[in-house]
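Let's walk through this model together, starting with a pair of helices and moving on to charged side chains.

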Amino acid sequence: MLFLPQVFIGKVQATQSCGHSAIHKQAADGLLMLGQLGLEGDEQAEKRFHGGPDRALCHYPRDHYDFWASAYPDLADLFIASAFGENISTLGMTEENVFIGDIFAWGDARIQVTQPRSPCYKLNGLTGIENFAQMMQDNGRCGWLYRVIKTGNVSENAPLTLLSRNSDISVQEAIMIAFHAPYDEELYQRLLSAAGLSASWSLTMQNRLDNHRIEEFKHRLFGKR
């Protein structure tokens, strides 16, 4: 199947609700160069947690915005692409049918799914809901990230086309393993076996195996407390 994307880019700027952030992105028309670190004209703040070769692009399913609008009707006007700072938004691609390691053609470029998005506390400020990042994590509507394995020109008129499936672990299952399941060494080994898994998620799973515990989520979900 072919999936036509909406495409968004943004600069780091001072925001009222999210501090210095590039979460406020604008639709990008026409051809864009996609490099190893993302789309031309796009930026990320806090590069320790955002961006880099394994997190060059963020994809959020447009399918989920109706859920959020129903859950928070007073904020319905907020919940449209690219509310969560995504670069790519589509209909029909979800965590259930996209898999870790999937390689897609997009225009001249080739991109590979590396990990689910890990919701962070800036979503709380964005929405004004103090536990929104926790809600996104708990219900698994997180979206996912890509690395760029071939650079090239892309656009909203160039469909995403699945070229190869390289693991049997969906983004949905990866979210379950990382965020929802109790400590389980077999599940961590399973996720580590997924071709294309990002370096940061590989390290997180290995740290769990080494330390025999799941890391704390509170700082990521709620900021400094």
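In this predicted model, helices α4 and α6 cross in a left-handed sense. Helix α4 covers residues 171-180 and helix α6 residues 199-211; their axes come within 12 Å and cross at roughly 45 degrees. That angle makes α4 oblique to α6. On the α4 side, A174, I177, A178 and F179 take part, and they meet W201, M205 and R208 of α6.

R208 counts as buried because its relative accessible area is 1%, under the 20% cut-off. E215, at 27% relative accessibility, is partly exposed.

How many salt bridges does the model have by this rule? The count comes to seven. In one of them, D54 pairs with R147, with the closest N and O atoms 3.0 Å apart. D54 sits in the loop between β7 and β8 while R147 belongs to strand β12, so the pair ties together parts that are 93 residues apart in sequence. Both D54 and R147 are buried.

Another salt bridge joins R165 and D102, at 2.8 Å from N to O. This pair also links distant parts of the chain, 63 residues apart: R165 is in the loop between β14 and α4, and D102 in the loop between β9 and β10. Here R165 is partly exposed at 40% relative accessible area, whereas D102 is buried at 0%.

Finally, look for D168, E173 and R190, which are linked in a network of salt bridges.

Key. Residues numbered from 1 in each chain as written. Predicted model: local features only at pLDDT ≥ 70, side-chain atom pairs only at ≥ 80, totals over all residues. Heavy atoms only, no water. Axes fitted to C-alpha atoms, helices over the stretch in contact; angles between N-to-C directions. Helix = DSSP H or I, 4+ residues; strand = E, 2+ residues; numbered from the N terminus. Parallel < 35°, antiparallel > 145°, perpendicular 65-115°, else oblique. Left-handed = near helix turned anticlockwise from the far one by under 90°. Contact = heavy atoms within 4.5 Å. Salt bridge = Lys/Arg side-chain N within 4 Å of Asp/Glu carboxyl O. Buried < 20%, exposed > 50% of the residue type's maximum accessible area, 1.4 Å probe, protein only.
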